[in-house]
Amino acid sequence: MRDPLLDPAAIKAALAQLEGWALAADGCAITRDFAFADFRAAFAFMTESALAAEKLDHHPEWTNVYSRVSVRLTTHDSGGLTERDLSLARLMDKAARARN
Ligand code: H2B
């Protein structure tokens, strides 16, 4: 069963509650660039996020360059943003806060 897509009002409300996330130009994803002290901190963040993502059965699109991690969250099965993206965004924010 596909998760229901969030409507524009729900997306706006959710973004107001999240730290530093922006709506992608196509409206189908949220993005955030995380910056850490060094590669070790960035990779520790990715490790914690990966384990959280696996538990949620919801996975990020991301790239890492040294101390930076760029993240794009979307629900592929639904073709856009769902509550699952918001849950993962909150977990990633928490993992980042612990390292900044
Ligand atoms: N991650 C993301 N971001 N979107 C999905 O639709 C998705 C996923 N689907 N992780 C999951 C896995 C699905 O493929 C499995 C079968 O539950």
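1. A search of the whole structure turns up 6 salt bridges.

2. Some housekeeping. This is a predicted model, where local features need pLDDT of at least 70 and side-chain atom pairs count only at pLDDT 80 or more, while totals for chains, interfaces and linings use all residues. Residues are numbered from 1 along each chain as its sequence is written, and side-chain values use heavy atoms, with hydrogens and water left out.

3. On the overall fold: the protein has 3 helices and 4 strands, taken as DSSP runs numbered from the N terminus (helices are H or I, at least four residues; strands are E, at least two). Along the sequence the order reads α-β-β-α-β-β-α. The radius of gyration is 13 Å, close to the 13 Å that the globule rule gives for 100 residues, so the protein is as compact as a globular protein of that length. For the record, that radius is taken over C-alpha atoms, and the rule is 2.2 Å times the number of residues to the power 0.38. The C-alpha trace spans about 35 × 25 × 20 Å along its principal axes.

4. How much of the protein is buried? Buried residues make up 38% of the 100 residues, where buried means under 20% relative accessible area, exposed over 50%, and partly exposed in between (1.4 Å probe, protein chains only). The accessible surface comes to about 6000 Å², and 56% of that belongs to carbon and sulfur atoms; areas are from the Shrake-Rupley method with a 1.4 Å probe, and for residues only the protein chains shown count as cover. As for contacts (heavy atoms within 4.5 Å), 65% of those with a separation of 6 or more come from residues 24 or more positions apart.

5. Helix α3 deserves a look. Its 15 residues (83-97) should span 21 Å at 1.5 Å a residue, and the end C-alpha atoms are 21 Å apart, which agrees; the expected span is 1.5 Å times one less than the number of residues. Asp 85, Leu 86, Leu 88, Ala 89, Met 92, Asp 93, Ala 95 and Ala 96 are buried there. What do they pack against? The buried residues of α3 pack against α1 (8-17), β2 (30-35), α2 (39-56), β3 (61-65) and β4 (68-73).

6. Asp 93 is the α3 residue I'd open in the viewer. Asp 93 forms a salt bridge with Arg 32, with the closest N and O atoms 2.7 Å apart. Since Asp 93 lies in α3 and Arg 32 in strand β2, the pair ties together parts that are 61 residues apart in sequence. Asp 93 is buried at a relative accessible area of 4%, and Arg 32 also counts as buried, at 16%. Back at the pair from point 1, Arg 84 is partly exposed at 27%, and Asp 3 is partly exposed at 25%.

7. Then there is Asp 26 with Arg 72, a salt bridge at 3.2 Å, N to O. This pair links distant parts of the chain, with Asp 26 in the loop between β1 (22-23) and β2, and Arg 72 in strand β4, 46 residues apart. Both are partly exposed: Asp 26 has a relative accessible area of 46%, and Arg 72 has 26%.

8. On the surface, Phe 39, Phe 43, Val 65 and Tyr 66 form a nonpolar patch with about 440 Å² of accessible area together. Patch members have over 30% relative accessible area and no salt bridge; like charges are joined within 9 Å, and nonpolar side chains (Val, Leu, Ile, Met, Phe, Trp, Tyr) within 5 Å. Phe 39 lies in helix α2 and is partly exposed at 39%. Tyr 66 is in the loop between β3 and β4 and is exposed, at 52%.

9. Last, backbone angles. Tyr 66 has a positive phi, near 50°, in a residue other than glycine. Asp 57 is another non-glycine residue with positive phi, near 55°, and its place is in the loop between α2 and β3.

Key:
A salt bridge is a side-chain nitrogen of Lys or Arg within 4 Å of a carboxyl oxygen of Asp or Glu.
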